[in-house]
Amino acid sequence: MIKKSFNLESPDGNVKVKIELDKSISYQVYFGDQTIIKPSSLSMVLKHDLIKDNLEFIKKETARHKEVWKPILGQKSSIKNDYNEEKIMCTTGLTQVTFVFRAFNDGLAFRYILNADSDMTILEEASMFNIDQKVDAWWIPNDWDSYEYLYHHTKAEAIKEVSTPVTFKNDQGICFSIHEAALVNYSGMALKGMSGGSLKSHLCPWPDGRLVKGKKEIITPWRTIMIGENESKLVESDMILNLNDPCEIKDTSWIKPMKYMGVWWEMHINQSDWGRHNSRHGARTENVKRYVDFIKEHLIEAGNSEIGLLVEGWNKTWDGHWPDNYNDFIFTADGAYDDFDLSEVIDYCKKNQVAYIMHNETGGGILNYDKQRLQAYSDYEKLGIHAIKSGYVAGGPMKDPKGLHHHGQYMIDHYNQAVIDGLRHKLMINTHEPIKDTGLSRTYPNWATREGVRGMEYNAWSEGNPPDHTTILPFTRGLAGPMDYTPGIFDVIMNDKYRVHTTVAKQLALYIVLYSPFQMIADVPENYLDADGKPLTGFKFIQDLALDWDKTCILNGQVGKYITTARKTKGKDEWFIGSITNEESREVTLSLDFLDEGIYQMEVYKDAEGTDYLTSPMSLVYEKSSVNCETQMTLKLPSGGGQAIRLYRQV
Ligand code: NOJ
Ligand code: CA
């Protein structure tokens, strides 16, 4: 066959893709005049076929797509989906293979569509990403069962096996990040560093070594390369969401953002226990009511609606060995411990306008969960519950079915199905120990948020998360989608052994920097109050905090060093700014030129002079002033510190 070349460009012409087909296929990617991906081949090993150097060209199709859509919940209220597409259809004789490429202004995506006469099995996917080995890389090691790691910063050449998103920066400051979108009916992808400098897709296996068990048609997830002239542009990209299908349901009125508290941190800091096996059970009716009273007095009466309350350890079998009880958990409404009266608690929540959040910890017992799940969902719906936090702590692969990985095809089907079933029962879902986000919240907007990150909990019982962790997350994990990091700890010096490695001002700023439409007010109620029972200064920021946005702008930032994020509240002339730094103190300058004309009131929550994350980290200063779109500001961020700002019109 004569070598064929196809050229694809983003609508603004800045992202260019050159595809070459000559029995085998390869692609390369440029951003402006810079090469981002050098020629990289795409191939697959199927059980019945090898898709490699046996391709016969059939035809190609090009398309231009332009739409504007509105996410139900999101970082912006209106999203442009604008790309050029090239479909290259080939056959090996046994398999028809269509390579679909989409070039956006902020990156490139490609996927394979395979068709055969009988069901297919994938034994290997070899999508190559041949990048410059000297670029900087921020990554977590691949583990098919967890993303709860601290990030490494190395040159790309040091990569052995990493989870995605993995983010890179070249000498000119151009940034790009490799991930995937629309992960459905497939296995999760990690990347392997190969000799010669390429990265290769690496799929999570089934216990028998197969990677994907497919039907006569397999549509792979999109392999994505987000590209920006700096790291801030990556954070502002909507490419991952744009590669997913539109929302499937009509009535979305019940899908709402939510602040929530939890009978949760008290267990993590060992004030109480999940289990009923001793006298320290946290989920006791009267203890739970204490949280409801706090929410009513300090949030609902302060004008908040949609405040949730999560109660962990409510159901039988949370004893001292709870992860081993994966087969015994009861999820239906009749499974509550005898010192926790579920209907009384729910009535009390309703009376006080608090939304009860059901907790479903599976302990890795998927068959046990799936056996009960639909009945449990229907019980919850009858009780008027609209949100679930689910959990998959298994300390490795699933317990039952044994050996299946969190990031493998079986579990991806499970996570996706749980969300689809949730839609039918009007349940929002916050998945812990999840599969990574690949933008499916566009299709299933009830997938409100998820963990898949080394979150706040690590500060409670380990050496914790160092100050730079949250300055890396927006540029890496955050590119995938919302994260339930659970900020808001006010007692950051918990005890002699464990502490949170930030100031309180930085805790507030994290609410803006780390996007999630569900945000936890993670500390125990008493830590938000002074000796007279009045809320501490910073609590007003939490009361005022918005969760759903018209606009999001990254005002400045460098991976691992600092970031300043500004968000405009949906439907309101109000902005919030969060700025955080790593362990280095620094000054960042801001221009408020994103504001409309006229005067805004500004409330600033900042670290007191002489404060840093090790020295009196709880000293917070509140200041109020008037500003306008010409105001220039310099924020002083001490080591491990931050600043949280609210801007609003005087009424
Ligand atoms: C791990 C989750 O991340 C955490 O939030 C939860 O409290 C425990 N599992 C128990 O389910
Ligand atoms: Ca976790």
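In which loop does Pro 165 lie? Pro 165 is placed in the loop between β13 (161-162) and β14 (166-169), where helices (H or I, at least four residues) and strands (E, at least two) are DSSP runs numbered from the N terminus. The peptide bond that joins Thr 164 to Pro 165 is cis, with omega about 0 degrees. A cis peptide bond also joins Asp 400 and Pro 401, with omega about 5 degrees, and Pro 401 is found in the loop between β24 (387-391) and α7 (409-424).

This is a predicted model, in which local features need pLDDT of at least 70 and side-chain atom pairs count only at pLDDT 80 or more, whereas totals for chains, interfaces and linings use all residues. Residues are numbered from 1 along each chain as its sequence is written, chains are lettered from A and ligands numbered from 1 in the order in which they are written, and side-chain values use heavy atoms, with hydrogens and water left out.

Oxygen atoms of ligand 1 have polar side-chain atoms beside them: one of Trp 264 at 2.9 Å, an N or O atom of Glu 433 at 3.1 Å, and one of Glu 457 at 3.2 Å. Taken alone, ligand 1 exposes 290 Å², and the protein buries 95% of that, the accessible areas coming from the Shrake-Rupley method with a 1.4 Å probe and, for residues, with only the protein chains shown counted as cover.

Glu 148 lies in the loop between β11 (136-139) and β12 (152-155), and Glu 433 in the loop between β25 (428-431) and β26 (447-450), so the pair ties together parts that are 285 residues apart in sequence. Both Glu 148 and Glu 433 are buried, a term that means under 20% relative accessible area, with exposed meaning over 50% and partly exposed in between (1.4 Å probe, protein chains only).

Thr 503 caps the N-terminal end of α10, with a side-chain oxygen 3.2 Å from the backbone nitrogen of Lys 506. In the loop between α9 (469-472) and α10 is Thr 486, whose phi is near 65 degrees, a positive value in a residue other than glycine; Thr 486 is buried, at a relative accessible area of 3%.

Glu 306, in the loop between α4 (285-300) and β22, has a phi near 55 degrees, again positive in a residue other than glycine, and Glu 306 is partly exposed at 32% relative accessibility. The loop between β22 (307-311) and α5 (342-351) contains Phe 329, which is buried with a relative accessible area of 1%. The C-alpha atoms of Phe 329 and Glu 361 are 8.0 Å apart, although 32 residues separate them along the chain. Thr 332 is also found in the loop between β22 and α5 and counts as buried at 11% relative accessibility. The side chains of Thr 332 and Asp 334 are joined by a polar contact of 2.6 Å, that is, a pair of N or O atoms within 3.5 Å; within protein, one must be able to donate a hydrogen and the other to accept it, and residues adjacent in sequence count only if both atoms are side-chain atoms.
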